[in-house]
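The following exercises concern a single protein model. Please examine the sequence and the structure before working through the solutions.

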Amino acid sequence: MSVGVSTATPLPPTSDTNVVTSTFSLVDYVVFALLLVLSLAIGLYHAYRGWGRHSIGQLLLADRKMGCLPVALSLLATFQSAVAILGVPSEIYRFGTQYWFLGCCYFLGLLIPAHVFIPIFYRLHITSAYEYLELRFNKAVRVCGTVTFIFQMVIYMGVVLYAPSLALNAVTGFDLWLSVLTLGIVCTIYTALGGLKAVIWTDVFQTLVMFLGQLAVIIVGSAKVGGLGHVWEVASQHGLISGIELDPDPFVRHTFWTLAFGGVFMMLSLYGVNQAQVQRYLSSRTEKAAVLSCYAVFPCQQVSLSMGCLIGLVMFTYYQEYPMSTQQSQAAPDQFVLYFVMDLLRGLPGLPGLFVACLFSGSLSTISSAFNSLATVTMEDLIRPWFPHFSEVRATMLSRIIAFGYGLLCLGMAYISSQMGPVLQAAISIFGMVGGPLLGLFCLGMFFPCANPPGAIVGLLAGLIMAFWIGIGSIVTNMGSGRPPSPPNGSSFSLSSNLTAVTMATLMPSTAASKPTGLQRLYSLSYLWYSAHNSTTVIVVGLAVSLLSGGMRGRTVDPRTIYPVLPKLLALLPVSCQKRLPCRACSQDVSSEATMFPEKTSNGMLRGSRDQEAMAVPEESPAQPGISPTFILQETSL
């Protein structure tokens, strides 16, 4: 069954107008330079404010004093990359507004982190999300999770830096390696010197630039084609306004269920357990501020998605009245938006520069978050556990050096990306492949008290194997066809074979018109179900191995690392029903979350140092203050 639109998207125009590569005016260069200068200035301001008195907590967690609004905007900016700014309008232009239903998944995708993941992470008073894995399992699981995350981000950040620069170079003639080096160097300097506080405040500035750039395109474009009402009318006439597709088939690329529920797992892997986001939650001054920041992301995400969709509809209407040239119609999908913006804003000095600044803001925010989170996990998970006696001054300096190192590595990965050719698609896909298994690992620990360290490690490996099997299999199958699969609505675009085409093919993969069979059927699983499928694999395999290896018998589970799912569900039942249940004793203790977590002081700190070794409750110890004996999980019965 076809998805999106029922009629073809615009056919290649008959006009054969030559395209002159757009050039920037002096005003455009000034606007673009202001983005870089102001981003650098914000970072340097926070770097030199209190220079010499910075602690490791100030550098990596902004001293845990950030408010909810800057944290919320930083959460939004972290994964609002330039690839998404280019990809969403192109998706709407080609396939219709079905993708807009992705907004339905944002509610659960942000509500669950706010009430499950954030309370557990925040009350443990950790710095790295992977510290949780050591508290719940052991150090080996922590290292496995950390290494997996580092692999994921190192591969991804070079592509995020290179791919938008390549698209910009193809359309505007903007020097490719000048833009790559400029972005990489500026981002490295303010991230390494200023730490998380500099990253968050530059994210706030860059988020505003992204909104302004997209808003300018919507206003100018809709005015030029006759208003948003006319845009909607033209899109409706051409079948671009999609209804709700209720096909439950997970192999169909985009349906309501795929977008609204498959997308929830994708959101959880990004906003629930990804270190870049967890680090922002932990930088909040209070747990309430962290939860409010997660709530505040919801309307921001909806606005961001709606603006991308509106740009796609305006672009479609514009090209109905001003047909594409041959060169434009044969461009890669992610170049459509840049061609459209340069056509639309030609003759309006400063606005093309504003959109390019918007595009590069997306890259800067994503890359700086990657640098900072990588420096944090490297320091906290791989260095400090083995060298616990580092002084604050030495640890702070080493953290800065590590961030600089990752900046140089990012530039190296950008160069490698330029040499990868078709393999680049696999590199981009790795980010999505790894997110699901890591989500499954954290869910296994939080929701299943019987899961043990062997089960966690084997489950993670099984999830990664499954992820790479399906992900790489899908890529190889598509490459074997010799051409990108045709979109389901039957439109035909002659796509360029350059790297940006590969980038877009991965972000918004298409499905073939004919239904595959056998293993190819498995390889055609919608990309939005990847996280759900892979995280479920980790949980199922992890539980099976845990059961076969004796569960948690003889071990003690720290009750702060468990989210009591069953008691929470039982607490929703009427009291009369709870009294009839044999396990009602459990639900009685869940009325106060203080029984699950140790008491906190007025400033949100846990009683006692997080570095104490005795965080698990020994079998012979009496009940500790603030922890109900009911929740001390020992020798879990299987």
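**Exercise 1: Helix α15**

Determine how far helix α15 is covered.

Solution. Of the 33 residues in α15, 31 are buried, so that the helix is mostly covered; buried means under 20% relative accessible area with a 1.4 Å probe, counting protein chains only. Helices here are DSSP runs of H or I with at least four residues, numbered from the N terminus. Next, the span: α15 covers residues 351-383, and at 1.5 Å a residue it should reach 48 Å; the end C-alpha atoms lie 46 Å apart, which agrees. The expected span is 1.5 Å times one less than the number of residues.

The model is predicted: local features need pLDDT of at least 70, side-chain atom pairs count only at pLDDT 80 or more, and totals for chains, interfaces and linings use all residues. Residues are numbered from 1 along each chain as its sequence is written, and side-chain values use heavy atoms, without hydrogens and water.

**Exercise 2: The largest nonpolar core**

Which residues of this core touch the most other members?

Solution. The core holds 162 residues, and F121, Y132, F340 and F442 touch the most other members. Helix α8 (residues 176-225) gives the largest share, 17 residues. A nonpolar core is a set of buried Ala, Val, Leu, Ile, Met, Phe, Trp, Tyr and Cys residues joined through side-chain atoms within 4.5 Å. Finally, beyond its neighbours within four places in sequence, F442 is in contact (heavy atoms within 4.5 Å) with F121, A129, Y130, Y132, L133 and V273.

**Exercise 3: The whole protein**

State what share of the protein is buried.

Solution. Of 638 residues, 58% count as buried.

Conventions
Buried means under 20% relative accessible area, exposed over 50%, partly exposed in between (1.4 Å probe, protein chains only). Helices (H or I, at least four residues) and strands (E, at least two) are DSSP runs, numbered from the N terminus.
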